[in-house]
Amino acid sequence: MAGDMGAQLQGVFDSVPDGIIWATKHGKILRMNKAVTKLFGFTEKDLVGKEYKALSFLTPKNLAVVAKALVENHVGIRPMRFEIDVKTKNGLKPVEVSISPWFVDGKHKGGVGVLRDLTERKKAEQALRESEEKFRRLFEGSKDGIFIADARTHKLLDCNKAAEKLIGMPKKRLLGMAADQLHPKEDVKRTMDAFKKQAQGSVKAIETLVVTKSGGKVPVNITAYPVTLNGRDCLVGSFRDTTERKKSDDALRESEEKYRSLTLNSPDMTMLTAPDGTITYISPQSKKILGYAPKELEGQVLPPIFHEDDVKRVQQALIGAMNGKAVVDMEYRIIGKKGGVHWVMHNAVPIKENGRVAFIQSNVRDITARMKAEKALEEAYGKLKSLDDLKTDFVQTVSHELRTPITSMKLAAELLGSDLSPEEEVEVKQMVLRNTERIDGVVKTILSFSVMEAGKVKYKHQEVDMNSVVTRAVEGMRKRAEGSGLSVLLELGKVPPVKGDKLWLGIVMDNLLDNAIKFTKEGSITVTVKKKGKRVAVSVRDTGIGVKKSSLGKAFHKFVKMHPHVEGTGVGLWTCKRVVEAHGGEIRIGSGGLGKGATIKFWLPVK
């Protein structure tokens with residue numbers, strides 16, 4: 001056999017990748033190449049010299065196929081091709097067998113069989129079948145309408161049941177139609193141009209309309225891609241009905257528009273925060289409330305705008321919101337861009353998606369005006385409470401101021417009914433006179449205060465000589481002062497008249513002299529009247545117990561007694577201030593401190 005083939009063909013014979021078997025016309029194997037062993041695991045010892053009927057790797061069915069092929073090859077002397085499954089040492093393997101006749105000197109000697117392993121091809125064919133089946137299932141089971149069209153003619157080649165339902169036509173009517181017939185005339189050019197771009201892979205999806213059998217128009221989203229089917233260039237288009245999505249989109253846009261309108265028109269600031277604390281959105285009201293434009297704060301985590309005393313509390317609230325806990329009416333301070341302090345009220349709601357916080361929606365309201373009003377109200381309440389306490393003290397003081405002289409006068413009345421020496425009788429009469437004057441002073445003070453408090457004072461403005469008013473007041477008090485061991489000095493300058501009410505200006509002088517006498521145990525009281533510019537200045541200076549510098553600011557307050565242990569009602573200086581200011585004047589008090597006396601001056605404009 002080797003001689004017939006020739007040595008030069010041996011290398012070629014063994015290098016062929018397919019298995020080759022040389023057999024007689026009766027099926028006895030004469031020769032095989034190395035590929036047979038490599039492909040099927042059978043050696044020359046297993047096969048050479050054996051007839052096909054003795055080969056164990058052929059099943060009865062395969063033996064019949066081989067026998068038939070040998071007969072036909074012998075009779076017809078023509079090539080044969082068939083497929084069989086060969087039992088190899090590694091299991092069944094699909095094989096394609098091609099038998100060609102073999103001649104020597106024109107005589108038919110046998111055949112040459114070429115054995116080709118079909119394992120990979122079979123796997124590929126199986127994979128293709130599975131892929132086609134999968135595609136078919138997806139094709140028919142898709143809820144989206146799927147059309148297959150010729151890429152060149154745009155004729156419809158196939159469609160699924162969803163496509164039939166979408167258009168309202170059976171497949172037999174749809175196949176053969178041009179793709180442009182599916183769309184309204186006004187959309188045809190735009191849609192077909194988009195299809196061309198999709199065929200080139202430059203456009204992924206388009207929004208358009210399709211026309212149904214009844215003439216209705218359905219909005220669809222079409223995704224198309226080029227494929228080759230049976231050698232033909234095609235386009236596969238997925239048509240998704242977007243009717244419900246459009247309705248949802250419209251509803252969402254309407255809702256977003258309402259929300260945007262509410263956000264933009266609300267005086268409050270709206271803010272969205274990511275779970276990590278990053279501000280993702282802040283409404284334009286941030287400019288009004290904080291002084292910062294939205295873009296200056298968006299993208300930040302806890303921007304440096306919180307008051308140092310509140311920042312820790314804000315951090316804790318934000319951490320709580322990140323963990324799903326709402327923030328309710330939290331009040332804190334922020335520092336505006338210009339440095340001003342603003343009070344805000346913060347409410348925050350964690351919005352969850354799939355059980356996790358997706359973002360935090362916050363509403364921030366500027367409550368600075370409210371906080372100021374509350375503080376002012378609190379301060380006013382404190383003042384009213386203080387005033388109420390002072391009124392209580394005033395009533396108690398007045399009661400005391402009246403009770404003391406009345407008690408003395410009652411004692412004097414009892415004494416006058418007994419045997420008294422002439423000296424004792426004079427002393428009792430003086431005691432009655434002193435206490436009568438004291439009661440008269442208290443009553444005058446109360447009457448002046450009540451009239452002024454009620455706002456019923458009607459000043460009788462006329463030309464007034466202040467030297468006369470001051471002199472009358474000093475002389476009226478001189479005896480009382482000298483009786484207390486005090487000297488009274490009166491220094492009168494040449495002054496022009498003022499315009500005012502003589503009675504009320506006299507009350508001012510009486511109150512100032514009364515205070516000077518009460519608060520001076522020894523020394524003197526000096527009263528001066530002089531002209532200062534276009535005003536007349538009146539000064540009452542004493543060498544008494546003085547006033548602490550820290551208390552000077554309260555000297556003219558209502559119901560305030562500079563020295564609680566000294567008799568008085570606490571409304572005298574308040575009355576003086578009201579009268580002087582009602583005459584367009586000014587009044588002040590000065591003192592070097594406790595034990596250093598006090599000076600009260602007032603100025604009145606000249607006529």
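Tutor: A helix here is a DSSP run of H or I with at least four residues, numbered from the N terminus. The model is predicted, and H6 is the helix that covers residues 119-141.

Student: What makes H6 stand out in the lining of the second largest pocket?

Tutor: A lining residue has an atom within 4 Å of a pocket point. H6 gives the most such residues, 5, while strands S7, S9 and S10 each supply at least two. The lining has 15 residues, and Phe135, Arg136, Ile148, Leu229 and Asn230 lie nearest the centre of the pocket. The space in this pocket is about 430 Å³.

Student: How do you know that the span of H13 agrees with that of a helix?

Tutor: At 1.5 Å a residue, the 12 residues of H13 (311-322) should span 16 Å, and the end C-alpha atoms are 17 Å apart, so the two agree.

Student: Which residues of H13 are called buried, and why are they said to be on the same side?

Tutor: Buried means under 20% relative accessible area, and in H13 Val314, Ala317, Leu318, Gly320 and Ala321 are buried. They cover an arc of only 160° around the axis, so they are on the same side of H13. The buried residues of H13 pack against strands S11, S13, S14 and S15.

Notes:
Residues numbered from 1 in each chain as written. Predicted model: local features only at pLDDT ≥ 70, side-chain atom pairs only at ≥ 80, totals over all residues. Heavy atoms only, no water. Expected span 1.5 Å × (residues − 1). Buried < 20%, exposed > 50% of the residue type's maximum accessible area, 1.4 Å probe, protein only. Arc of directions from axis to C-beta. Contact = heavy atoms within 4.5 Å. 1 Å grid on protein atoms, 1.4 Å probe; cavity = no way out; pocket = protein on both sides within 12 Å on 5 of 7 lines; lining within 4 Å. Points joined across faces, edges and corners; volume = space filled by probe spheres on them.
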